[in-house]
Structures are given as C-alpha cells and as structure tokens.
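Here are my notes on the model, point by point. Please read them with the coordinates open.

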Amino acid sequence: MAMTTATTISAGWGRRGFLMGSALGATTALAAMASLAHAAGAPSRRMPVIFIGHGTPMNALADNAFTRRLSAWGRELPPPTAILSVSAHWLSRGATGVGMQARPRTIHDFGGFPQALFDVDYPAPGHPALARETVGVVKQAPVIATEQWGLDHGTWSVLRHLYPKADVPVFQLSIDYDKPAAFHYAVGRDLAALRDKGVLVMGSGNVVHNLRATDRGTADGPKASRPWAQSFDDAVKSALAGRDDRALIGYEKLEGASTAVAMPDHYFPFLYALGAAGAGERAKTVYEGFQSGTLSMRCVQFG
C-alpha cells in the first residue's frame with residue numbers, strides 16, 4: 001500500500017489507515033493540553049476490559065450466534081462513560097494516535113461488499129476530553145492527538161450490536177505497527193487508568209486471522225477447519241485460563257502461530273486488552289468459535 005505523510009484510508013478488506021511520524025512535532029503541545037482536560041465523572045465501579053474477535057465486516061448486518069451474543073453482552077456490561085477502541089484497522093508508524101473528533105465519521109474501510117454495508121452509519125459521538133486525557137495517560141512513546149481517522153469497521157461493526165443506539169461516546173487509539181508485542185501490552189497497562197473514569201477499553205481484532213488461509217463458504221462452527229487454527233486458538237485459551245501473559249506476549253512460540261498470526265495486526269488489539277486487565281482478573285470467555293473455517297471469533301472479558 002502506498003503511504004504519504006498524512007493518514008491514508010484505503011479501500012479493501014484488510015487494508016489500514018496509517019498515521020505517519022511527521023506529526024510528532026505536535027506531541028509536546030498536545031500533551032500539555034491533555035493535562036488540562038477534565039473527563040466526565042467516574043461511575044460507581046471500575047469498568048471491565050473486553051476483546052472482540054470481529055471477523056468479516058458483514059457481521060455488522062448479520063443475525064447469527066455471534067452477533068446475538070454481542071447484543072446480549074451489551075446489556076450485561078455496566079454503562080460506560082465512553083468506549084476506547086483499539087482496532088486492528090487503524091495502524092500507525094512512529095507514534096500512537098488518539099482520535100479527537102467530537103463527531104467521528106463512520107469509515108467504510110473495505111471493498112467488494114454489498115451496498116447495504118456501505119450505507120451503514122454509526123453516529124456515536126466522540127469524547128474529546130477523555131481522548132486528550134488518554135494522550136497524557138500513555139507513557140510508552142510519542143502520542144499524537146488527531147482528527148484524521150474516525151470509527152473504522154473494526155469498531156462500528158461490533159458496537160452496532162453491543163450499543164445499537166450509538167449513544168455511548170467512542171474514540172479510537174491507533175496501533176504503532178513499528179513496535180513489538182511487549183510494547184502494545186505495555187500501552188494497555190497505561191490505559192488501565194481510564195477504567196476508573198468509566199471508560200470501557202475494547203480491543204477488536206482476531207486471535208487467529210490469516211485471510212489467505214480461510215475456507216470461504218464454510219459454515220460458522222465451534223471448531224476450526226484447519227488444525228493450525230484450532231491449535232493456536234486452544235493455546236491462547238489455555239494461556240488465558242492461567243493468565244500466562246508472558247506466553248501471550250510471546251505468541252510466536254505458541255503452536256500454530258506462524259500460520260495463525262501470519263501478520264500480527266489482528267492479534268495486537270488482544271494485547272492491549274490483556275495489558276489493561278489487572279493481573280488478578282480472570283479472563284471470562286464470552287464467545288468462541290470460527291467463521292470462514294479459520295477466523296477465531298474468540299471474545300473475552302476481564303473484570
């Protein structure tokens with residue numbers, strides 16, 4: 001994908017927007033702004049952390065076991081002040097971006113799907129105050145406040161079922177794709193502070209995601225169509241059960257990893273959620289199964 005010094009939004013499922021390092025000069029000023037920001041009051045309890053395996057964009061329109069579980073999950077979660085989404089579909093290089101829009105646009109970052117999917121609008125408001133606070137919360141690397149992105153399908157395709165009224169403020173945080181797995185986990189640790197301010201930290205990707213090795217047309221099911229996909233998903237489940245965060249950060253050593261995570265873009269959001277979860281918080285499996293034979297739809301909740 002050709003990239004410029006501005007955020008690039010490209011068509012095609014699996015393509016990403018990039019926030020380039022040329023904006024780094026604004027970091028100091030924006031961090032100062034963050035120190036002046038005041039978020040909304042915190043709720044009576046600490047918000048959970050969630051990770052969602054989002055799969056195909058068509059899940060936004062689908063009525064299936066996965067989307068029905070998302071709808072029920074939204075009713076089970078405590079009401080958030082805002083949602084911070086870390087989506088596999090906003091990658092950056094040289095810095096971490098935070099979306100500052102008061103009214104983030106719905107991004108249709110894919111191609112080759114029915115017009116009905118392009119017609120979807122998810123008009124949730126943003127939360128600039130909490131977004132500015134997030135700029136100051138992340139200590140791992142340069143952080144850029146930006147209005148160059150919005151809500152991509154990794155965010156709105158699942159929130160459409162979790163919060164169908166689009167009445168909860170949402171803002172996104174980008175994934176600095178130049179950084180290793182441990183960095184993303186550490187940023188997640190920084191984001192944990194937002195949970196006490198009513199923010200639902202949400203990672204959205206897939207722990208098994210290799211579009212070149214899917215079995216298109218395969219019915220949704222509890223088991224993968226390929227042994228490598230099942231092996232890696234099982235290894236993640238086992239590590240989660242024991243909260244073996246070190247093994248999950250070093251995912252390349254898990255069985256089936258070389259094919260299951262051929263590119264880490266969809267795995268990294270899981271590490272943000274894992275990092276934001278307290279060490280003593282048990283991972284609750286909310287949904288597990290596969291779409292297109294090899295896409296793990298595993299969803300988990302901490303807290």
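1. Ala262 lies in the loop that joins helix H9 (257–260) to helix H10 (268–276). Helices here are DSSP runs of H or I with at least four residues, strands are E runs of at least two, and both are numbered from the N terminus. At 48% relative accessibility, Ala262 is classed as partly exposed. The scale: buried is under 20% relative accessible area, exposed is over 50%, and partly exposed is in between, with a 1.4 Å probe and protein chains only. Beyond four places in sequence, Ala262 contacts Asn210 and Ala257; contact means heavy atoms within 4.5 Å. Val208 is 54 residues from Ala262 in sequence, with 9.0 Å between the C-alpha atoms.

2. A word on provenance. This is a predicted model, in which local features need pLDDT of at least 70 and side-chain atom pairs count only at pLDDT 80 or more, while totals for chains, interfaces and linings use all residues. Residues are numbered from 1 along each chain as its sequence is written, and side-chain values use heavy atoms, leaving out hydrogens and water.

3. Confidence. The average pLDDT is 88, and 85% of the residues score at least 70; pLDDT is the predictor's confidence in each residue, from 0 to 100. Residues 1–15 fall below 50, yet the model gives this stretch 46 contacts beyond near neighbours in sequence. Residues 19–43 also stay under 50, with 52 contacts beyond four places in sequence.

4. The sheet. Six strands form an open, mixed sheet in the order E7-E3-E9-E2-E13-E10. Strands pair if DSSP finds at least two bridges between them. E7 and strand E10 (283–287) are the edge strands; each has a single partner, so one side of each lacks a neighbour in the sheet. The average twist is 25° from one strand to the next. E3 and E7 run parallel over three bridges. Axes are lines fitted to C-alpha atoms, for helices over the stretch in contact, and angles run from 0 to 180 degrees between N-to-C directions.

5. Is helix H5 buried or exposed? Nine of its ten residues (153–162) are buried, so H5 is largely enclosed by the rest of the structure. Trp156, Leu159 and His161 are among the buried ones. The buried residues of H5 pack against several elements, including strand E2 (49–53), strand E3 (82–87) and strand E9 (199–205). Asp152 caps the N-terminal end of H5, with a side-chain oxygen 3.0 Å from the backbone nitrogen of Gly154.

6. H2 against H5. The two axes come within 7 Å and cross at roughly 65°. H2 contributes Thr67, Leu70, Ser71, Trp73 and Gly74, and H5 contributes Val158, His161 and Leu162.

7. Ser204 sits in strand E9. Ser204 is buried, at 0% relative accessible area. A polar atom of the Ser204 side chain lies 2.5 Å from the backbone oxygen of Gly154. Contacts of Ser204 beyond four places in sequence include Phe51, Val86, Val158 and Pro269. Gly53 is 151 residues away along the chain, but its C-alpha atom is 6.0 Å from that of Ser204.

Definitions and conventions. Polar contact = N/O pair within 3.5 Å; in protein donor to acceptor, adjacent residues only side chain to side chain.
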